[in-house]
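Please keep the sequence and the 3D view at hand while reading.

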Amino acid sequence: MLKTIKKVGVLTSGGDSPGMNAAIRSVVRTCAYHNVLCVGIYRGYQGMIEGDFIEMGARSVHNIINKGGTILKSARSKEFMTPEGRKKAYDHLVKAEVDALVVIGGDGSFTGAEVFNKEYGFPVMGIPGTIDNDIFGTSHTLGYDTALNTVVECIDKIRDTASSHNRLFFVEVMGRDAGHIALNAGIGGGAEEILIPEEDLGLERLLESLKKSKASGKSSSIVVIAEGDKIGKNVFELKDYVEANLPEYEIRVSVLGHMQRGGAPSCYDRVLASRLGVKAVESLLEGKSNLMVGMINDKVALTPLEQAIKGHTEIDRELLRVSDIMSI
Ligand code: ATP
């Protein structure tokens, strides 16, 4: 027989992303709505191991829907990767009478949740929180839309300088394994070329494209490069290479870095967080476990954690074509 869930624990783990606070708020308020207690767990799995918990009621999450980061703090915990660490975490949950867990994080955090569920049969539900949008089973992860808007805003500002000085700018954005941010923000920011990990466009092609754009009368350009692009050179090496081959260009590099992870969540991310939080808690109350809540075709949908972890997200190849056409 299923154990009735009377208390739900919620934690944020891995890299933070805008919208995590809105998701915590949603989990807490959905629990309150269903007369279920809710406990916040600080610093992800590390706080679980140390029993760093706080009771959370509906009012404890006021004024956080608009805040970036996570009020529960996030952490990476090596100790949780050991059976001894997980045993400590389990003992703390039992002591605090927590019956189920909502984990807001990326695929590493979901792996931890899955291992924990296998070991202790503990009900777990995942909410995808990462700006990279690289989790299978959802069209959008929490923070992705906000990060896109942040990057586009930065590109707009860089463009002002690029066009005033007739310069070429290389803008590096986050995305070691996935080019979603580069591709979408590149198109949104009107980039000349976009380099992503999924596709090796090749150095020759980049040079050709830059030559063509000079010849067509463009006086300034922006190239958006994902951290993990396939060319295999970092953005500064790439600058040196292009300058050596096209001396007519003076290139500036801008690495956007961690600013992409911060800031107030966009409206889309706030709504997404609210919807996913409701579904996560209600699914646990229905006796479901080991699943991730996500958006598929604009509907909230459940995907087994295992698939969410192992599955790969694909970039939309149509966007590559659109980008090509736009940079004529
Ligand atoms: P991001 O996308 O920002 O990297 P993430 O959730 O993938 O977020 P990770 O650092 O990979 O971030 O994982 C977060 C935490 O999940 C780890 O610090 C660890 O505590 C736990 N975890 C990851 N893999 C495992 C595993 N195989 N077994 C147990 N716990 C794990």
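Helices and strands are DSSP runs numbered from the N terminus, a helix being H or I over at least four residues and a strand being E over at least two. The model is predicted.

## The loop residue E79

In those terms, E79 sits in the loop that links β3 (53–55) to α3 (83–95). With a relative accessibility of 26%, E79 is classed as partly exposed. Beyond the residues up to four places away in sequence, E79 touches Q46, I49, G85, R86 and K88. The side chains of E79 and Q46 are also joined by a polar contact of 3.3 Å.

G108 itself is listed among the closest residues to the ligand.

## The ligand and its surroundings

The ligand is surrounded by 17 residues, and the closest of them are G15, R76, S77, G108 and S109. From G15, a backbone N or O atom lies 2.9 Å from an oxygen atom of the ligand. From R76, a polar side-chain atom lies 2.7 Å from a ligand oxygen. From D107, a polar side-chain atom lies 3.1 Å from a ligand oxygen. On its own the ligand has 620 Å² of accessible area, and the protein covers 79% of that.

D107 also carries an annotation: the unreviewed UniProt entry marks this residue as "binding site". D107 is part of helix α4 (residues 107–120). Its relative accessible area of 38% makes D107 partly exposed. Apart from residues up to four places away in sequence, D107 touches I135 and I309.

## Further annotated positions

The unreviewed UniProt entry also gives the feature "binding site" for R25, S26, V27, V28, R29, R159, G190, A191, E192, K218, S219 and S220. Do these positions gather at one spot or lie apart? They span 196 residues in sequence and the farthest two C-alpha atoms are 53.1 Å apart, so they do not all gather at one spot.

Two of these positions are described here. R159 belongs to helix α5 (residues 144–165) and is partly exposed at 28% relative accessibility. R159 touches G189, G190, A191 and I222 when residues up to four places away in sequence are not counted. S219 is found in the loop between α7 (203–215) and β8 (221–226). S219 is partly exposed, with a relative accessible area of 37%, and is in contact with N166 and R167 once neighbours within four places in sequence are left aside.

## Cysteines

How many disulfides does the structure hold? The count is zero. For C38, the closest cysteine sulfur is that of C31, at 4.1 Å. A disulfide requires two cysteine sulfur atoms within 2.5 Å, so the separation of C38 and C31 is too far for a bond.

Is C38 buried or exposed? C38 is buried, at 2% relative accessibility. C267, at 58% relative accessibility, is exposed.

## The buried residue H180

H180 is placed in helix α6 (residues 180–188). The relative accessible area of H180 is 7%, which puts this residue in the buried class. Setting aside residues up to four places away in sequence, H180 touches D132, N133, Y144, L148, T313, E314 and I315. One of these partners, T313, is joined to H180 through a side-chain polar contact of 3.2 Å.

## Positive phi values

K73 has phi near 65°, a positive value in a residue other than glycine. K73 lies in the loop between β3 and α3, the loop that also holds E79. K73 is exposed, with a relative accessible area of 51%.

N290 likewise has phi near 65°, a positive value in a residue that is not glycine. The position of N290 is in the loop between α9 (267–285) and β10 (291–296).

Conventions:
Residues numbered from 1 in each chain as written. Predicted model: local features only at pLDDT ≥ 70, side-chain atom pairs only at ≥ 80, totals over all residues. Heavy atoms only, no water. UniProt positions renumbered as here; feature names shortened; annotations may be inferred. Buried < 20%, exposed > 50% of the residue type's maximum accessible area, 1.4 Å probe, protein only. Contact = heavy atoms within 4.5 Å. Near = heavy atom within 4 Å. Polar contact = N/O pair within 3.5 Å; in protein donor to acceptor, adjacent residues only side chain to side chain. Areas by Shrake-Rupley, 256 points an atom, 1.4 Å probe, with all protein chains shown as cover.
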